[in-house]
Amino acid sequence: MHFRIFDCWRFVAAILIMTYHFVFWAPYGVETGVSILYRLLPLLDMFFMISGFFITIRYRDRVGDLASYGRFMRARAARLLPLHYAITAFFAVVALAAFVVDAPHYPWARDLAALPFHISLLHAHGFTDGLALNYPSWSISAEFFCYALFPVVCLTLRFGGLGGLLAVIAMWIGCLELASAQGWFPSGSWTTADSMGAYRALADFLIGAAVATVVARRIVDVRSHVPGLIATGLVLAAMLAGFHYALVMPLMVAALTLTALAEIARPESTRSLQPLMPLTRVAFSIYLLHPVMEFIFLEVIWYHWLRQTGFVDFYLYWMLPMIATIAAAVLSGKYLEPACAKVLLPARPDPSSPAARLAAV
């Protein structure tokens, strides 16, 4: 079952996040652009919710013992780690070059100090002083934290059902609120955490798992996309109006649930979106790759050369790194990631063997 609308949402979110980071280089309109786009940053939570939704839908009944859990983790590593390590290596080389020439304005010391945590996928657990090196990849660290704890979701659903999972979500968010009140998060609240974003992401991931359970059981029969579209519109309006997380996130959960219920009831209703899928499915690659294009096109070419010439307006030029990012993501999805997956993915077990019949959870 493909949820095409969710793929489109992730693509739009990736484009908006890229736009937010690129606008900081603009010679004018920065304050207005940043102010508007900053309000849309809860879209990062949507990324993790959709991740929890998809993982639960696809793997809940396939992860039942250590062997299947190992295959699950290797499959996720094959999907996400090649690009993460390639981009991390790129920025490590840049940091080493800045160290060699003693670049006065490049944070090479902080970047190189963060390298071991990027390699070990611990850079979203509070081991680094803010974002450094491959800065968007804190989400990769956060994702793998969620994957590592996915058996908790499976066991909770098996023994406690949806009610048990909702109780776990409430307890985890309560712990995060308490930690925020104690000043544990540098940003002031777990809802805006990044260098400690693994803990924020787990809350979103668990919520996505709960949505998946509601949708799989068809607790509510929704066949029209109108309720989901209305809820989505309310989410965007609430974010742009600057409303608190406590209002935005329930609206986002409602939008996800209503949209998924409609699509699972009528899969053909989104068939018109199918031609977009080769593009929308590289949303995470766009998110990971855009800092590389930002460095090449905006820091090196624009800031150190092109802006002084007055040859082209920034807002016309910035389409180039955006197009380059999307093109690189498509190429990565077509060539790099499948090639790495062939090496890293576990061999499929013989379906007739007892080991292949995983315990349902």
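Two exercises with worked solutions follow. The model is predicted: local features need pLDDT of at least 70, side-chain atom pairs count only at pLDDT 80 or more, and totals for chains, interfaces and linings use all residues. Residues are numbered from 1 along each chain as its sequence is written, and side-chain values use heavy atoms, with hydrogens and water left out.

**Exercise 1**

Find where Thr280 is located, decide whether Thr280 is buried or exposed, and list what Thr280 touches.

Solution. 
- Step 1: Thr280 belongs to helix H11, residues 277–280. Helices (H or I, at least four residues) are DSSP runs, numbered from the N terminus.
- Step 2: The relative accessible area of Thr280 is 5%. Buried means under 20%, exposed over 50%, and partly exposed in between (1.4 Å probe, protein chains only). Thr280 is therefore buried.
- Step 3: Leaving aside residues up to four places away in sequence, Thr280 touches Asp7, Cys8 and Phe11. Contact means heavy atoms within 4.5 Å.

**Exercise 2**

Solution. 
- Step 1: Thr128 sits in the loop between helix H5 (108–119) and helix H6 (138–148).
- Step 2: With a relative accessible area of 13%, Thr128 is buried.
- Step 3: Apart from residues up to four places away in sequence, Thr128 touches Ala114, Phe117, His123 and Ser195.

Conventions:
Helix = DSSP H or I, 4+ residues; strand = E, 2+ residues; numbered from the N terminus.
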